[in-house]
2 protein chains.
Amino acid sequence: MLSERRLQVLRAIVQDYVGTEEPVGSKALTERHNLGVSPATVRNDMAALEDEGYIAQPHTSAGRIPTDKGYRLFVDKLAGVKPMTAPERRAIQNFLEGAVDLDDVVARTVRLLAQLTRQVAVVQYPSLTRSTVRHVELLALAPARVMLVLITDTGRVEQRVVDCPAPFGEASLADLRARLNSRVANRRFADVPSLVEDLPEAFEHEDRGTVSTVLSTLLETLVEENEERLMIGGTANLTRFGHDFPLTIRPVLEALEEQVVLLKLLGEAKDPGVTVRIGHENAHEGLNSTSVVSVGYGSGGEAVAKLGVVGPTRMDYPGTMGAVRAVARYVGQILAES
Amino acid sequence: MLSERRLQVLRAIVQDYVGTEEPVGSKALTERHNLGVSPATVRNDMAALEDEGYIAQPHTSAGRIPTDKGYRLFVDKLAGVKPMTAPERRAIQNFLEGAVDLDDVVARTVRLLAQLTRQVAVVQYPSLTRSTVRHVELLALAPARVMLVLITDTGRVEQRVVDCPAPFGEASLADLRARLNSRVANRRFADVPSLVEDLPEAFEHEDRGTVSTVLSTLLETLVEENEERLMIGGTANLTRFGHDFPLTIRPVLEALEEQVVLLKLLGEAKDPGVTVRIGHENAHEGLNSTSVVSVGYGSGGEAVAKLGVVGPTRMDYPGTMGAVRAVARYVGQILAES
DNA sequence: GCTGGCACTCGCACGCGCAGAGTGCCAGGC
DNA sequence: GCCTGGCACTCTGCGCGTGCGAGTGCCAGC
């Protein structure tokens, strides 16, 4: 077990290293933080911290830098989340309130996160899974061709064209539309399947095939759209990454283009609060020298999607976590209002 | 006027420089291209080319590199467009044919372009301006709240919520829906305004305000959506840019995040064929060391949107132009089929 | 107008030495 | 027992000078 002072030393190392981007030595530490002990003592502590794997030195006779394990301890035990100041919060709110539609909300959120954290921001579109159905619309495109439009409470619209097994009259269509909406409007996606199960039975025999087809398309749409979209921004911030550019930045850019990778990345965060994955904790190898700070957000109390930022492991964790949390909170509010 | 041989020398310089990424000297030139003259002669030609501003030397006693003006001459006079080989064309076609919807077409196009050219690809979504209306749907969300859904022939869906000045009955809504669709279905966006102009007159006085409001929202949607969306990809290719990373890459990444800038960039290209903008020819200053190769594409004969790539001025112009042209052609085909 | 030759100019890579920062360890003190 | 000051040691980074080689410009000759 590490003594209180050694934890303080680790905290100081992380803070200084994040600030200066340079390995930090014992002397500098005692000067910048009044630890109340001499450099020599700090050196002993550092040696212990190094033995435990919390810090490392790039070369002999250089200062120490935190390891992934060191950052982990820092995040878990040594640092809180730095809350946004009141003016910052107001600015966030104002900026997000100007949004005109869902795309705009997401776009603004990305910009905001990127600016606040000066890192790469990733925002997932609100998921359909936990949302509710606002309205289902059916349009006859042709006698045996129906367009299905699904509108969700988060303002998302999905449409599908359905080829029917048999011609379907305008009256039947209106009937189906009415019945469908009375059953599923304002219900959760997850509940829809059981709610419409017996619907075909209410129709004439000749229409049942079509009704079933339409329903199964609807259910497909509900599920398929878990294949989420997302938006990223602030990639220019990658240029502040480090000195050893090409090698560091390239795999990150590649990873960012793989939507699948990103979705997995965000999806992995299961915590209700802000989740931090540091360096090698990220499964994707291109992101081994980055940390991901993510959190769920949602219109009600529940999370419907995730958002977060990707930055160097050497990042300001308290500040980043604060920004991410605040943005998520306000996006949730905006979504709830609209 | 430059002699034939001097043009050849310029061409050789461009080709070698693109290949090696290093300033090219007179001796190397005579060895790699059989120009039939001695290095000394080439030196004289190079001096002349430099006087004219086609090439420059980074430092005294280094080889020459082409200037923007040199590339311009090369593109205009000295190089053709290198056509794709048959297998390449087949691969393009196959890859694009797998797309399931519009988003997928655009996404695949971006990937393809990025891979083929090994540069950053930018693809604009097919514009609404030249598209036609497939269907307009109106849904009552509340007594005085209507959702307007616009479906286009390119498979795009746009929706808007309209707050009505007065409650609007279900019957009136159905009436409006029917009248609207009979007038605008399968018509071009550009024609819509004049087609619906007198629609309010067909309604009861109390409903006219609402009808007008709905119509003006529709018209807004048609216009506003010229504020196009676009997709970019292959940013990881920026890492192959040059040796002097941070400074080169950063403004480019920043420019790529400004959709407005990109749209302008693509929009500037008026030619029916492939357009090339080299270095400082780009209005946006962050792109002063890049070239943009773009072309319009469309489902019919007409261009409905643009696509292109952004890369270093030192790029393989003939190959890039060939790839861009080919991809545009096949995307057009795919859109026409669907 | 082309060519070979020649002197000249630089940039770059290499090697060297120095200064500075940082460490580990040890003996002494509270 | 823990902290401290001191000391010797080890590296890295930087500045400097040097030599090499590529490339040029110019000139005289064919």
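The model is predicted: local features need pLDDT of at least 70, side-chain atom pairs count only at pLDDT 80 or more, and totals for chains, interfaces and linings use all residues. Residues are numbered from 1 along each chain as its sequence is written, while chains are lettered from A and ligands numbered from 1 in the order in which they are written.

Helices (H or I, at least four residues) and strands (E, at least two) are DSSP runs, numbered from the N terminus. In chain A, helix 1 (residues 4-20) packs on helix 4 (residues 68-78) of chain A. Their axes lie 10 Å apart, at an angle of about 110 degrees. Axes are lines fitted to C-alpha atoms, for helices over the stretch in contact, and angles run from 0 to 180 degrees between N-to-C directions. Helix 1 and helix 4 of chain A are therefore roughly perpendicular to each other. Angles under 35 degrees count as roughly parallel, over 145 as roughly antiparallel, 65 to 115 as roughly perpendicular and the rest as oblique. The crossing of helix 1 of chain A with helix 4 of chain A is left-handed, meaning that the near helix is turned anticlockwise from the far one by less than a right angle; clockwise is right-handed. From helix 1 of chain A come Leu7(A), Leu10(A), Arg11(A) and Val14(A). They meet Gly70(A), Tyr71(A), Leu73(A), Phe74(A) and Leu78(A) in helix 4 of chain A. Residues are in contact here if their C-beta atoms, placed from the backbone, lie within 7 Å. The residues of this contact divide into 7 nonpolar, 1 polar and 1 charged. Ala, Val, Leu, Ile, Met, Phe, Trp, Tyr, Cys and Pro count as nonpolar, Asp, Glu, Lys and Arg as charged, and the others, Gly among them, as polar.

Helix 1 of chain A also meets helix 3 of chain A, with axes that come within 10 Å and cross at roughly 85 degrees. That makes helix 1 of chain A roughly perpendicular to helix 3 of chain A. Arg5(A), Arg6(A), Val9(A) and Leu10(A) of helix 1 of chain A form one side of the contact. Val42(A), Asp45(A), Met46(A), Ala48(A) and Leu49(A) of helix 3 of chain A form the other. This contact has 6 nonpolar, no polar and 3 charged residues.

Helix 5 (residues 86-97) and helix 6 (residues 102-117) of chain A have axes that come within 9 Å and cross at roughly 150 degrees. The two helices of chain A are therefore roughly antiparallel to each other. Helix 5 of chain A passes helix 6 of chain A in a right-handed crossing. Ile92(A), Phe95(A) and Leu96(A) in helix 5 of chain A meet Val105(A), Arg108(A), Thr109(A) and Leu112(A) in helix 6 of chain A. By class, there are 5 nonpolar, 1 polar and 1 charged residues in this contact.

In chain B, 5 strands form an open antiparallel sheet in the order 7-3-10-9-8. Strands pair if DSSP finds at least two bridges between them. Strand 7 (230-233) and strand 8 (275-278) of chain B are the edge strands, each pairing on one side only. Neighbouring strands are turned by 15 degrees against each other on average, direction ignored. Strand 3 (residues 120-124) and strand 10 (residues 305-312) of chain B are joined by 4 bridges. Val123(B) stands opposite Leu307(B) in strand 10 of chain B. Helix 6 (residues 102-117) of chain B packs on the sheet and touches strand 3, strand 7 and strand 10 of chain B. Its direction makes about 150 degrees with that of strand 3 of chain B.

The contact between the chains takes 19 residues from chain A and 19 residues from chain B. On the side of chain A that touches chain B, strand 4 (133-142), strand 5 (145-152), strand 6 (157-163) and helix 10 (245-257) of chain A give two or more residues. Helix 10 of chain A has the largest share, 7 residues. This side of chain A holds 10 nonpolar, 5 polar and 4 charged residues.

DNA strand C is surrounded by 21 residues; the closest are Gly25(A), Val37(B), Ser38(B), His59(B) and Ser61(B). A residue is near a strand if its C-beta atom, placed from the backbone, lies within 6 Å of it. Helix 3 of chain A gives the most to the surface near DNA strand C, with 4 residues. Around DNA strand D there are 20 residues, the closest being Val37(A), Ser38(A), Thr41(A), Ser61(A) and Gly25(B). Helix 3 of chain B gives the most to the surface near DNA strand D, with 4 residues.

Terms used:
Two residues are in contact if their C-beta atoms, placed from the backbone, lie within 7 Å.
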